[in-house]
Amino acid sequence: MNNRPPNRPPNRPPNRNSGKNGKRPMTPFEEKVERDRRRRAEYMRWRVQEDKYREKWESSNAKYHSKSSAPKGRGQIDISLDKPVTDDKNLYINAEKDDKKAKKKSYIIRNILFTLIGLVISLFLNVLSISVPYTPSVVRIDFSAFSELWVGLAVHPIAGIVVVILKNVLYYVIRPGGLASIPGKVILDSLLIIIAWFIAKGLINSKYFADKNEARAYVGLPTRDTATFSIFAGGFLSGIIVAFTSLLTMNYIQLPLLYKYFGNQGYNPDSVLKSYQDALAALHGKLEFTQTLIPSIDSIMQGALVYNVPICILKYTVSSIFVAMLYNITNQFVTRNKPE
């Protein structure tokens with residue numbers, strides 16, 4: 001009995017992979033292609049329905065129902081097709097606005113609180129000013145510039161200048177005898193904050209450091225903290241500039257006020273010069289090698305260059321070191337919830 005299909009050629013072997021209705025089962029690759037085709041078809045059908053639904057929704061303009069047509073009950077929303085949706089009634093927009101207002105308020109309060117803390121610290125450090133051994137009596141050192149620079153770099157230079165002004169006003173109330181030095185301190189400390197801020201921000205946002213960190217990240221190395229170095233460099237460089245600027249403020253502001261308001265207490269050019277010469281003589285007796293470096297002081301400006309400038313550089317450098325160490329911690333506190 002011949003079981004060969006009538007339409008099959010006699011010399012052709014039967015197809016062992018033939019399935020129902022004579023169709024060959026699909027290979028795994030063909031099944032994957034077919035599934036992808038069906039998914040695309042279903043997605044396109046969904047897109048057509050979605051577009052129709054969106055057009056219908058936008059044409060309706062999302063209007064609220066009136067109270068007469070849809071009275072409110074417990075757990076219901078007053079929806080109407082009579083009034084369009086406005087921003088003041090949109091719950092999502094209102095919630096987003098309230099969140100932005102709360103973050104802005106929190107940011108402002110945090111900055112004001114930090115500024116007040118800096119003011120208290122600055123006033124406390126100014127009151128604790130000390131005399132350096134073997135220096136004239138008119139030369140004193142304080143580290144109040146630390147908190148002023150701290151606030152100026154962490155919050156804003158204007159906040160730091162406000163701390164400088166309020167600190168000196170309160171210090172005058174506590175000790176009126178420091179009137180002659182207050183104007184010069186306000187100018188120098190404000191100048192310190194402004195110059196340090198420009199230098200530090202320029203270094204932090206510089207392309208050089210950005211390229212360096214990008215190259216380290218590309219090879220899998222951890223990025224370096226550039227903020228600490230930038231803050232210290234800004235404070236140190238601005239401290240040197242301000243230290244030499246203090247010669248001008250001393251010659252044209254501090255000394256004239258000292259002679260005018262405290263001349264009856266014995267402050268005059270001769271007495272101030274003698275205080276520098278006595279301090280140098282005491283230094284020569286303690287450290288004999290200084291006689292070769294500084295044989296004598298013949299003018300007040302020369303004495304200021306020998307004593308005032310190094311002391312200014314010292315206090316500004318120390319202040320910059322502490323500000324650089326605390327900057328990253330305080331910056332996270334101050335800039336939290338900062339509005340964009």
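The crossing of H3 and H5 is right-handed (a crossing is right-handed if the near helix is turned clockwise from the far one by less than a right angle, and left-handed if anticlockwise). The model is predicted, so that local features need pLDDT of at least 70 and side-chain atom pairs count only at pLDDT 80 or more, while totals for chains, interfaces and linings use all residues. Residues are numbered from 1 along each chain as its sequence is written, and side-chain values use heavy atoms, without hydrogens and water.

Helix H3 spans residues 145–154 and helix H5 residues 182–204; helices (H or I, at least four residues) are DSSP runs numbered from the N terminus. The two pack at an angle of about 45 degrees, their axes 10 Å apart. Axes are lines fitted to C-alpha atoms over the stretch in contact, and angles run from 0 to 180 degrees between N-to-C directions. H3 and H5 are therefore oblique to each other (under 35 degrees counts as roughly parallel, over 145 as roughly antiparallel, 65 to 115 as roughly perpendicular and the rest as oblique). The contact (heavy atoms within 4.5 Å) involves Ala 145, Glu 148, Leu 149, Gly 152 and Leu 153 of H3, and Asp 189, Leu 192, Ile 193, Ala 196, Trp 197 and Lys 201 of H5. These residues comprise 7 nonpolar, 1 polar and 3 charged; Ala, Val, Leu, Ile, Met, Phe, Trp, Tyr, Cys and Pro count as nonpolar, Asp, Glu, Lys and Arg as charged, and the others, Gly among them, as polar.

The axes of H5 and H7 come within 7 Å and cross at roughly 155 degrees, which makes H5 roughly antiparallel to H7. Their crossing is right-handed, and the contact has 19 nonpolar, 9 polar and no charged residues. Helix H7 (residues 226–262) also packs with helix H10 (residues 300–334), at about 145 degrees and with axes 8 Å apart. The crossing of H7 and H10 is right-handed, and its contact residues divide into 24 nonpolar, 9 polar and no charged.

The largest pocket has a volume of about 830 Å³ (the space filled by probe spheres set on grid points joined across faces, edges and corners). A pocket is an open set of points on a 1 Å grid over the protein atoms alone, where a 1.4 Å probe fits, with protein on both sides within 12 Å along at least five of seven lines; lining residues have an atom within 4 Å of a point. Of the 34 lining residues, Val 138, Arg 140, Ser 181, Lys 185 and Gln 254 are the closest to the centre. Helix H4 (157–174), H5, H7 and H10 each give two or more residues to the lining, and H7 gives the most, with 7. The lining has 15 nonpolar, 13 polar and 6 charged residues.
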